[in-house]
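Open the model in your viewer and keep the selection panel at hand. We will go stop by stop.

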Amino acid sequence: RHGSSLDELTLAEFITSGGYDRHVRRSRLRYQRRRDRLITALAQALPDPRVTGVAAGMHAVLHLPPGMGEAETVAAAAARGLVLDGMRDYRMPGMDYPEALVIGYGTPPAHAFTTAVARLCAVLQPGQPISCP
């Protein structure tokens, strides 16, 4: 069970030519900008958003304010075409946890990211006009 020699040689060339390093740097910057836009939008949508996990990967955890239920928020997001996970999906059964959403900001294609963030804001501010960046 070995990888293809052609694939290995192609990867080796990609690394030694510096292409891989350029790709990683561009990607890191692109996703940092997305993360920053998401955090800015959440700060406009909620009075005091508590967002954690933003420095670890391509997901952020939004702790929901009191009175905002995780299951209801996930369902409202689904009605607007968004796929969000509740923190419940990542916890051991029977454990107590705060109501929170896991938001993957790397998934939407570039042309759809602004719309996805605006829809998320609309879910978090029911009855309010969409005003997120």
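Is tyrosine 20 buried, partly exposed or exposed? Select tyrosine 20: the model, which is a predicted one, gives this residue 40% relative accessibility, so tyrosine 20 counts as partly exposed. The cut-offs are under 20% for buried and over 50% for exposed.

Now show both rings. A search of the whole structure turns up 1 aromatic pair. Phenylalanine 14 and tyrosine 20 make that pair, with 5.9 Å from centre to centre.

Next, switch to cartoon. The chain holds 4 helices and 4 strands. Trace the elements from the N terminus: the order is α-α-β-β-α-β-β-α. The radius of gyration is 18 Å, well over the 14 Å of the globule rule for 133 residues, so the chain is more spread out than a compact globule.

Along its principal axes, the trace spans about 55 × 40 × 25 Å.

Now show the surface. The accessible area is about 8800 Å², and carbon and sulfur atoms account for 57% of that. Colour by burial: 32% of the 133 residues count as buried.

Last stop: charges. Select the 15 positive side chains, then the 12 negative ones. The centres of these two sets lie 8 Å apart.

Key. Residues numbered from 1 in each chain as written. Predicted model: local features only at pLDDT ≥ 70, side-chain atom pairs only at ≥ 80, totals over all residues. Heavy atoms only, no water. Helix = DSSP H or I, 4+ residues; strand = E, 2+ residues; numbered from the N terminus. Rg over C-alpha atoms; globule rule 2.2 N^0.38 Å. Buried < 20%, exposed > 50% of the residue type's maximum accessible area, 1.4 Å probe, protein only. Areas by Shrake-Rupley, 256 points an atom, 1.4 Å probe, with all protein chains shown as cover. Lys, Arg positive; Asp, Glu negative; His and termini not counted. Charge placed at Lys NZ, Arg CZ, Asp CG, Glu CD. Phe/Tyr/Trp six-rings, centres within 6.5 Å; stacked < 30°, edge-to-face > 60°.
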